[in-house]
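Open the model in your viewer and follow the stops below in order. Each stop says what to select and what is found there.

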Amino acid sequence: MAAYQTLIVEAPERAPGVALIRLNRPEALNALNTALLAELAEALAAAEADDQVGCIVLTGSAKAFAAGADIKEMSDKTYAQMFKADFFTAGARAVERCRKPIIAAVAGYALGGGCELAMMCDMIIAADSAKFGQPEINLGVAPGIGGTQRLTRFVGKSKAMDMILTGRMMDAAEAERSGLVSRVFPADGLIDEVLAIAAKIAAQSPLAVAMNKELVQAAYETTLTTGVALERRLFHSLFAFDDQKEGMAAFVEKRKPTFTGT
Ligand code: CO8
């Protein structure tokens with residue numbers, strides 16, 4: 001595994017097929033800076049290129065998934081600098097572009113860019129200690145890597161306005177009730193639970209996983225008619241793969257399938 005300054009990347013033995021990427025800037029509650037986002041793009045590209053990896057877990061520390069974009073790095077920037085450097089978008093695009101599933105395992109603060117990063121992932125699983133928020137309004141700015149759009153799609157207009165205009169935080173129970181997170185676990189068991197879920201995904205056909213991910217993403221990007229038509233085409237195309245034959249044969253023969261990604 002490559003060595004990073006702002007991340008710890010592991011292939012946990014207890015979760016075959018899973019790449020665990022831990023944000024690691026404890027001195028700044030994992031605030032997202034240029035270096036971290038560049039390394040995140042690199043780590044995601046490496047996980048994507050590795051045939052042994054079927055699912056990626058992105059996490060932080062017990063105290064913070066990420067407390068936002070790095071305010072100290074941003075505070076003196078001019079409009080021209082922000083525009084030219086396209087600050088942060090390389091890392092964000094790497095998450096959005098990744099074809100393998102990414103689970104955000106969130107404990108503690110997921111604020112501002114941290115909440116936005118979690119929402120870019122394919123699902124959010126939270127510890128009961130998690131706190132989500134878009135507090136940019138308190139800094140005189142707005143979310144800048146998708147928060148206004150994604151939070152609104154997750155929780156609806158009224159709650160998104162409430163969160164974004166007041167800058168208040170949402171706890172894990174409210175986040176689960178609102179559809180922002182899929183499941184909540186006690187904080188001390190979070191990583192084990194998420195790794196077990198990720199390992200289950202990694203054991204599936206990687207082709208079927210990638211197509212299923214693409215189809216659910218399409219639900220956010222297109223009309224119902226177009227999305228359903230795309231689903232039908234991809235469903236048909238899955239019959240071109242050995243993994244479909246293996247999956248269905250295994251069911252009929254009452255055994256576990258062994259998928260090969262072919
Ligand atoms: N940036 C930089 N440093 C941070 C950040 C941050 N976002 N958050 C915390 N830190 C630092 C603190 O400055 C402190 O450092 P030091 O010890 O050197 O003073 C250290 O982390 C520990 O933090 P605290 O002492 O504040 O810890 P507390 O437990 O008292 O409070 C909080 C925790 C409530 C999370 C508090 O740290 C906080 O409010 N943080 C800021 C949250 C925030 O406003 N986030 C939004 C940032 S803006 C943003 O994300 C915009 C995204 C879009 C950018 C798109 C560009 C195109």
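Select Glu 174 to begin. In this predicted model, Glu 174 is buried because its relative accessible area is 10%, under the 20% cut-off. The side chains of Glu 174 and Arg 168 form a salt bridge, with 2.7 Å from N to O. Arg 168 has a relative accessible area of 26% and is partly exposed.

How many salt bridges does a search of the whole structure find? The search finds ten, and two further ones are worth a stop.

Select Arg 150 and Glu 96. Their side chains meet in a salt bridge at 2.9 Å, N to O. The pair links distant parts of the chain, with Arg 150 in helix α6 and Glu 96 in helix α4 (residues 89-97), 54 residues apart. Arg 150 is partly exposed at 23% relative accessibility, and Glu 96 is partly exposed at 36%.

Next, select Asp 122 and Lys 213. This salt bridge has an N to O distance of 2.8 Å. Distant parts of the chain are linked here too: Asp 122 sits in the loop between α5 and β7 (123-127), Lys 213 in helix α10 (residues 206-221), and 91 residues separate them. Is Lys 213 buried or exposed? Lys 213 is buried, at a relative accessible area of 9%, whereas Asp 122 is partly exposed at 32%.

Move to Thr 59, in strand β3 (residues 55-59). Thr 59 counts as buried because its relative accessible area is 3%, and the limit for buried is under 20%. Show Ala 105 as well: a polar side-chain atom of Thr 59 lies 2.8 Å from the backbone oxygen of Ala 105.

Now select the ligand and the residues around it. There are 23 residues in this shell, and those that come nearest are Lys 63, Ala 69, Ile 71, Lys 72 and Gly 113. By class, the shell consists of 13 nonpolar, four polar and six charged residues.

- Lys 63: a polar side-chain atom is 2.7 Å from a ligand oxygen.
- Gly 113: a polar backbone atom is 2.7 Å from a ligand oxygen.
- Glu 27: a polar backbone atom is 3.5 Å from a ligand oxygen.

On its own the ligand has 1,100 Å² of accessible area, of which the protein covers 65%. Which elements give two or more residues to the shell? They are α2 (71-74), β6 (109-111) and α5 (113-120).

Val 141 belongs to the loop between β8 (131-133) and α6 (147-155). With a relative accessible area of 47%, Val 141 is partly exposed.

For the last stop, select Met 169 in strand β9 (residues 169-171). Met 169 is partly exposed, at 38% relative accessibility. Then draw a C-alpha to C-alpha distance from Met 169 to Pro 257: the two are 44 Å apart in space and 88 residues apart in sequence.

Conventions
Residues numbered from 1 in each chain as written. Predicted model: local features only at pLDDT ≥ 70, side-chain atom pairs only at ≥ 80, totals over all residues. Heavy atoms only, no water. Near = heavy atom within 4 Å. Polar contact = N/O pair within 3.5 Å; in protein donor to acceptor, adjacent residues only side chain to side chain. Areas by Shrake-Rupley, 256 points an atom, 1.4 Å probe, with all protein chains shown as cover. Helix = DSSP H or I, 4+ residues; strand = E, 2+ residues; numbered from the N terminus. Nonpolar A, V, L, I, M, F, W, Y, C, P; charged D, E, K, R; others polar. Buried < 20%, exposed > 50% of the residue type's maximum accessible area, 1.4 Å probe, protein only. Salt bridge = Lys/Arg side-chain N within 4 Å of Asp/Glu carboxyl O.
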